Amino acid sequence: SYTIQVAITNPDVAQDSPAVSIAASGTAAFTATPVTKTGAVLLGVPAGADPLLVTVPGFQEKKLTQSSVLAGTRNEITAALQTNVDLLGTSKITLCCFDNAVSVDSFNRVGLRVLGDATLPRFCP
């Protein structure tokens with residue numbers, strides 16, 4: 001039994017997993033034969049574990065709403081986001097350009113709660 005591991009860099013564009021085959025030569029000649037793909041989900045992408053399948057991460061849904069339009073009142077901003085790949089716990093979401101927003105907590109965040117695994121969103125400087 002042999003295991004071969006090769007590190008590559010994926011391209012910057014999406015692509016399907018190509019047909020992959022394996023061959024060997026030396027002590028004996030092994031003609032090229034197709035390699036079986038698992039079709040396993042990786043980062044929430046169906047067949048994401050198949051070799052050289054490349055997905056460009058993106059937001060499938062991105063909506064912002066607010067709870068108040070009145071001056072001087074607390075205003076909760078709700079971000080509804082859906083990505084085409086899973087975000088891991090080390091992921092960060094950045095919301096930009098909230099001009100004149102005033103922090104309502106000691107962490108200098110504008111009162112955001114996050115559901116799921118991602119860390120609290122940050123605001124652009």
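Me: What does the accessible surface of the protein chain come to, and what share of it belongs to carbon and sulfur atoms?
Reply: Accessible areas come from the Shrake-Rupley method with a 1.4 Å probe, and for residues only the protein chains shown count as cover. The model is predicted: local features need pLDDT of at least 70, side-chain atom pairs count only at pLDDT 80 or more, and totals for chains, interfaces and linings use all residues. Side-chain values use heavy atoms, leaving out hydrogens and water, and residues are numbered from 1 along each chain as its sequence is written. For the protein chain, the accessible surface is about 10100 Å², and the carbon and sulfur share is 56%.

Me: Which element of the protein chain has the highest mean pLDDT?
Reply: pLDDT is the predictor's confidence in each residue, from 0 to 100. Strands (E, at least two residues) are DSSP runs numbered from the N terminus. The lowest mean pLDDT among the elements, 54, belongs to strand 6 (residues 122-123), and the highest, 95, to strand 2.

Me: Is V35 buried, partly exposed or exposed, and why?
Reply: V35 lies in the loop between strand 2 (30-34) and strand 3 (59-66). Buried means under 20% relative accessible area, exposed over 50%, and partly exposed in between (1.4 Å probe, protein chains only). Because its relative accessibility is 35%, V35 counts as partly exposed.

Me: Which residues does V35 touch, not counting those up to four places away in sequence?
Reply: A contact requires heavy atoms within 4.5 Å. The C-alpha atoms of V35 and A19, 16 residues apart along the chain, are separated by 7.9 Å. With residues up to four places away in sequence not counted, V35 touches V20, S21 and I22.

Methods
Helices (H or I, at least four residues) and strands (E, at least two) are DSSP runs, numbered from the N terminus.
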